[in-house]
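Here is a short briefing on one protein model. Please keep the sequence and the 3D view open while reading.

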Amino acid sequence: MKSAELKAIKESLVAQKSSILNRQQEFKAETLQSLQLADETEQVVAEQNQNLGIHLREKDRQVLLQIERALSKITDGSYGECEGCADPIGLKRLQARPFTNLCVSCMEEQESQSQLFQ
Ligand SMILES: [Zn+2]
């Protein structure tokens with residue numbers, strides 16, 4: 001991979017990371033506010049929103065972990081390698097999902113396996 005391409009990918013990873021962190025900050029502030037304002041009926045709604053928020057945050061947390069991993073791989077030079085088969089992951093795929101750690105065929109295999117367990 002060319003260093004300019006890698007640099008662009010790294011910048012997009014860093015941008016995604018900070019947007020997730022900002023979102024979490026906003027969510028925290030909103031939750032605090034709605035809990036302070038709520039009477040009994042509103043409190044139920046606020047709790048539901050909070051549950052939704054926790055679910056979203058769980059997803060964000062996983063993406064954050066993947067972003068951190070991708071960034072450390074860029075640092076140690078192993079970025080762009082599939083964790084399943086060690087083949088290089090296609091550049092287009094990396095540009096679309098820079099924090100991915102599997103090539104298309106390994107990802108499809110993993111998805112079909114996880115469907116078997118559902
Ligand atoms: Zn693979």
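**Briefing: metal site, cavity and salt bridges**

Cys103 is buried, as its relative accessible area of 10% is under 20%. This cysteine belongs to a zinc site, where its SG atom is one of the protein donors. The model is predicted. The points below cover the zinc ion, the cavity and the charged pairs.

**Zinc site**

- The zinc ion takes its protein donors from Cys82, Cys85, Cys103 and Cys106, through the SG atom in each case.
- These donors lie 2.3 to 2.4 Å from the zinc ion.
- The arrangement is tetrahedral, because the four donor atoms subtend angles of 103 to 112° around the zinc ion.
- Along the chain, the donors follow the spacing C-x2-C-x17-C-x2-C.
- Cys85 sits in the loop between α2 (40-76) and α3 (91-96), and Cys103 sits in the loop between α3 and α4 (104-116).
- The pair therefore ties together parts that are 18 residues apart in sequence.
- Cys85 is partly exposed, at 35% relative accessibility, whereas Cys103 is buried at 10%.

**Cavity**

- How many cavities of 30 Å³ or more does the structure hold? There is one.
- The largest cavity holds about 50 Å³ of space.
- Its lining comes from Gln66, Arg69, Ala70, Lys73, Phe99, Thr100 and Asn101.
- By class, the lining of the largest cavity has two nonpolar, three polar and two charged residues.
- Two residues of the lining, Arg69 and Lys73, also belong to a salt-bridge network with Glu83.

**Salt bridges: overview**

- Side chains of opposite charge can pair when their charged atoms come close.
- The count here comes to six salt bridges.
- Arg69, Lys73 and Glu83 are linked in a network of salt bridges.

- Lys7 pairs with Glu11, and their closest N and O atoms are 3.5 Å apart.
- Both residues lie in helix α1 (residues 3-37).
- Lys7 and Glu11 are four residues apart, about one turn of the helix.
- Is Lys7 buried or exposed? Lys7 counts as exposed because its relative accessibility is 55%, and the cut-off is over 50%.
- Glu11 counts as partly exposed, at 47% relative accessibility.

- Arg23 and Asp60 meet through their side chains in a salt bridge, at 2.6 Å from N to O.
- This pair links distant parts of the chain, with Arg23 in helix α1 and Asp60 in helix α2.
- Arg23 and Asp60 are 37 residues apart.
- Arg23 is partly exposed, with a relative accessible area of 43%.
- Asp60 counts as buried, at 10% relative accessibility.

- Which residue does Arg61 meet in a salt bridge? The partner is Glu58, at 3.2 Å from N to O.
- Arg61 and Glu58 both lie in helix α2, three residues apart, about one turn of the helix.
- Arg61 counts as partly exposed, at 44% relative accessibility.
- Glu58 is partly exposed too, with a relative accessible area of 34%.

Technical notes: Residues are numbered from 1 along each chain as its sequence is written. This is a predicted model: local features need pLDDT of at least 70, side-chain atom pairs count only at pLDDT 80 or more; totals for chains, interfaces and linings use all residues. Side-chain values use heavy atoms; hydrogens and water are left out. Donors are N, O and S atoms within 2.8 Å of the metal (3.2 Å for Na, K and Ca); water is not among the atoms, so sites may look incomplete. Four donors count as tetrahedral if all angles lie between 85 and 135 degrees; four count as square planar and six as octahedral if opposite donors are over 155 degrees apart and all others between 65 and 115; anything else is irregular. Helices (H or I, at least four residues) and strands (E, at least two) are DSSP runs, numbered from the N terminus. Buried means under 20% relative accessible area, exposed over 50%, partly exposed in between (1.4 Å probe, protein chains only). On a 1 Å grid over the protein atoms alone, a cavity is a set of points where a 1.4 Å probe fits but cannot get out, and a pocket is an open set with protein on both sides within 12 Å along at least five of seven lines; lining residues have an atom within 4 Å of a point. Grid points are joined across faces, edges and corners, and a volume is the space filled by probe spheres set on the points. Ala, Val, Leu, Ile, Met, Phe, Trp, Tyr, Cys and Pro count as nonpolar, Asp, Glu, Lys and Arg as charged, and the others, Gly among them, as polar. A salt bridge is a side-chain nitrogen of Lys or Arg within 4 Å of a carboxyl oxygen of Asp or Glu.
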